[in-house]
Amino acid sequence: MTRTVTVLTNPAAGNGRAPAITATVTARLRERGLDVTTIEGRTQGDALDSVKRVVRTGTDTVVVVGGDGIVNLALQAVATTSTALAVVPAGTGNDLARLLGVPQGDPVAAADIVARDDKRTMDLGRAGDRWFGTVMSSGFDSLVTERANRMRWPRGPLRYNLAMVLELTRLHPIPYSIELDDATIDLEATLVTVGNGPTYGGGMAICPDARVDDGLLDVTVVRASSRTRLVRLSPTLYKGTHVDLPEVDTYRSKRVSLSAPSMVAYADGERFRPLPIRIEAVPRALTVIVGETSPLHRCTTAS
């Protein structure tokens, strides 16, 4: 029986490059003998309804062309089903694609990974009825994102950079309460993240030891510190060496509850909900197609 694949595209992803990438991917998948259908996510609601519909009708794989935002949307439809998820990176962060071992800037190679159909299962984080694959963050970075989303000028990356500078001028300790499986921690912090996977924001290893196949969440806490120390911490995030700094604490737990006043949680780069929030790791909640460089490649093949 011919394998069925549904390609979901965010036409705005990659500064409008996603449709061209989708055309390349679709052509390659058909060359490889797959039965391909394409759908576009013109609005979030329309995209989610479309993915839920093709999952119900039994598509074998949903291939998402875009960034972490539309990948997160697809998670809401494919989690805990038999439909596999594959990713062709065409966004800004592409952290889940990186985790799955999919190369950036090479849609033909990404399509070949889909065609090889090397399946694994991975954990997901869940908060209420919403799923996430990489990292949930709150604190300074969510304040920056909230401010950037309210700004109308400038456009592009400069808007986020300006928002960061403005939030640095207002930096203040945030009182958090963190509930883990075996402890409750009350402290003042700058940033608290909960990682199902290790990276967010385009490769920043905020939870460097997080694994998506251990049934646990990694928690990274940056305790309240000065502007100078926060700026000095930033370059260490890509290497994950910030966890060795004295103002950074790490924990591991199956369930995590966070509360802090006037704070919003973001996950997979998307606005989730205001705190308080309760998060749990759900083992083997998602079937994914991986490349050979994925840390999941060494794991047992999905049944």
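In the predicted model, Leu-100 is in contact with Val-87, Met-122, Val-288, Ile-289, Val-290, Gly-291, Ser-294 and Leu-296, when neighbours within four places in sequence are left aside. Leu-100 is also among the residues with the most contacts inside the largest nonpolar core, together with Leu-29, Leu-85 and Met-122. This core comprises 53 residues. The element that gives the most to it is helix H4, spanning residues 68-78, with seven residues. Another core, of 26 residues, lies apart from the largest one, and Met-136, Ala-265, Ile-277 and Ala-281 are among its members.

Val-212 is found in a loop, between strand E9 (184-195) and strand E10 (217-223). The relative accessibility of Val-212 is 5%; Val-212 counts as buried because this value is under 20%. Beyond residues up to four places away in sequence, Val-212 touches Leu-99, Met-122, Asp-123, Gly-133, Asn-196, Gly-197 and Leu-296. Between Val-212 and Thr-190, the separation is 22 residues in sequence and 25 Å in space, taken from C-alpha to C-alpha.

Terms used
Residues are numbered from 1 along each chain as its sequence is written. This is a predicted model: local features need pLDDT of at least 70, side-chain atom pairs count only at pLDDT 80 or more; totals for chains, interfaces and linings use all residues. Side-chain values use heavy atoms; hydrogens and water are left out. A nonpolar core is a set of buried Ala, Val, Leu, Ile, Met, Phe, Trp, Tyr and Cys residues joined through side-chain atoms within 4.5 Å. Buried means under 20% relative accessible area, exposed over 50%, partly exposed in between (1.4 Å probe, protein chains only). Helices (H or I, at least four residues) and strands (E, at least two) are DSSP runs, numbered from the N terminus. Contact means heavy atoms within 4.5 Å.
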